[in-house]
Amino acid sequence: MAEVIVLETPAEAGAFVAAHIAAQVRREPTFTLGVATGSTPLPVYEGLRAERDTGTDFTRMSAFALDEYVGLPAGHPESYRAVVDREVTGPLGLDPARVRVPDGSAEGIETAGERYEAAIEAHGGVDLQLLGIGRTGHLGFNEPGSSFGSLTRVKTLTERTRLDNARFFDSLDEVPIHCVTQGLGTILRARHLVLLAFGEGKAEALAAAVEGPVSASMPGSAIQLHQRVTVVVDEAAASQL
Ligand code: GLP
């Protein structure tokens with residue numbers, strides 16, 4: 001079973017995970033971090049900025065994002081490229097050439113998945129993948145029904161996920177309908193998975209992912225197939241474990 005660490009607040013959890021990443025980066029400056037978006041990983045990024053302030057040099061680190069919306073205009077502040085650049089690339093001083101996000105532009109869409117897989121492979125994979133979990137149980141944008149062997153590809157967002165993510169946009173109509181997401185098979189290739197969840201709203205999905213049956217109807221349960229998983233949660237998210 002995954003190692004489960006329950007901390008009091010998201011800020012403590014973020015600092016804890018950031019300290020672990022920073023220690024790895026000090027040992028191995030070319031460390032590769034798998035970055036996630038949504039609100040859950042933000043305390044980790046805040047923690048990484050604090051580690052930078054106390055002297056950890058992240059400038060040689062590489063990053064791969066989990067997913068991207070399809071069809072947002074270039075530079076849209078809620079595109080995951082923009083979020084990763086704002087939260088990670090800029091503040092930590094990463095080389096933008098070493099920060100990859102799937103290509104969600106309409107023109108690139110047919111080959112986006114293949115190109116992203118090739119980039120991860122050519123790079124030598126991801127050392128530590130940060131993960132949030134959606135209330136549907138999704139990892140990245142792998143909604144229920146996604147194959148555990150799936151690779152990066154275009155998917156359709158569920159209505160529930162679009163409604164959940166509408167808070168980042170001015171209206172539901174603005175939330176894209178499609179995305180490009182790493183597959184569950186891609187995620188499982190990372191050498192260490194760190195799943196984060198905060199708040200009561202995640203308790204049910206978290207318990208199903210960590211302790212429930214391994215099933216394609218609960219994408220989060222794919223973590224049970226991985227050798228090295230750390231689950232870092234607050235007390236509210238842990239309440240159904
Ligand atoms: C988003 C992302 C996921 C994220 C999840 C939870 O839509 N694609 O990578 O883990 O949904 O979002 P939040 O952390 O905001 O609850």
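In what order do the three strands of the open antiparallel sheet line up? Keep that in mind as you go through these close-ups of a predicted model.

**View 1. The whole annotated stretch.** Let's start with the record. UniProt, in an unreviewed entry, places the feature "domain: Glucosamine/galactosamine-6-phosphate isomerase" at residues 12-229. Over that stretch the chain is 34% helix and 14% strand. Its end C-alpha atoms sit 19 Å apart.

**View 2. The three-stranded sheet.** Here's the answer to the opening question: the order is β4-β8-β7, in an open sheet with antiparallel pairing. On the edges you'll find β4 (67-69) and β7 (153-156), each pairing on one side only. Going from one strand to the next, the twist averages 30 degrees. If you're wondering what holds neighbours like these side by side, strands of a sheet pair through backbone hydrogen bonds, either parallel or antiparallel.

**View 3. Zooming in on β8 and its two neighbours.** Look at β8 (residues 178-181) and its links to β4: three bridges join the two, and they run antiparallel.

**View 4. The seven-stranded sheet.** This open sheet has parallel pairing, and its strands come in the order β1-β10-β9-β6-β2-β3-β5. Its edge strands are β1 (3-7) and β5 (99-100), each of which pairs on one side only. Inside the sheet, β2 (residues 32-35) and β6 (residues 128-131) run parallel and are joined by two bridges. To find the spot, look for L33, whose bridge partner in β6 is L128. Helix α1 packs on this sheet, touching β1, β2, β6, β9 (193-197) and β10 (229-234). The direction of α1 makes about 155 degrees with that of β10.

**View 5. Where α1 crosses α2.** How do these two helices meet? The axes of α1 (residues 10-27) and α2 (residues 42-53) come within 7 Å and cross at roughly 55 degrees. That angle makes α1 oblique to α2. The crossing is right-handed. On the α1 side, the residues in contact include P10, A11, V17 and I21, and on the α2 side they include P43, V44, L48 and A50. Sort the residues of this contact by class and you get 13 nonpolar, two polar and two charged.

**View 6. α2 beside α3.** Stay with α2, but now look at its contact with helix α3 (residues 80-92). The two helices pack at an angle of about 10 degrees, with their axes 10 Å apart. α2 and α3 are therefore roughly parallel to each other. Which residues make the contact? From α2 they are L42, Y45, L48, R49 and R52, and from α3 they are E87, V88, P91 and L92. By class, that gives six nonpolar, no polar and three charged residues.

Note on methods
Residues are numbered from 1 along each chain as its sequence is written. This is a predicted model: local features need pLDDT of at least 70, side-chain atom pairs count only at pLDDT 80 or more; totals for chains, interfaces and linings use all residues. UniProt positions are given in the numbering used here, feature names are shortened, and annotations may be inferred rather than shown by experiment. Helices (H or I, at least four residues) and strands (E, at least two) are DSSP runs, numbered from the N terminus. Two strands pair if DSSP finds at least two bridges between them. Axes are lines fitted to C-alpha atoms, for helices over the stretch in contact, and angles run from 0 to 180 degrees between N-to-C directions. Angles under 35 degrees count as roughly parallel, over 145 as roughly antiparallel, 65 to 115 as roughly perpendicular and the rest as oblique. A crossing is left-handed if the near helix is turned anticlockwise from the far one by less than a right angle, and right-handed if clockwise. Two residues are in contact if their C-beta atoms, placed from the backbone, lie within 7 Å. Ala, Val, Leu, Ile, Met, Phe, Trp, Tyr, Cys and Pro count as nonpolar, Asp, Glu, Lys and Arg as charged, and the others, Gly among them, as polar.
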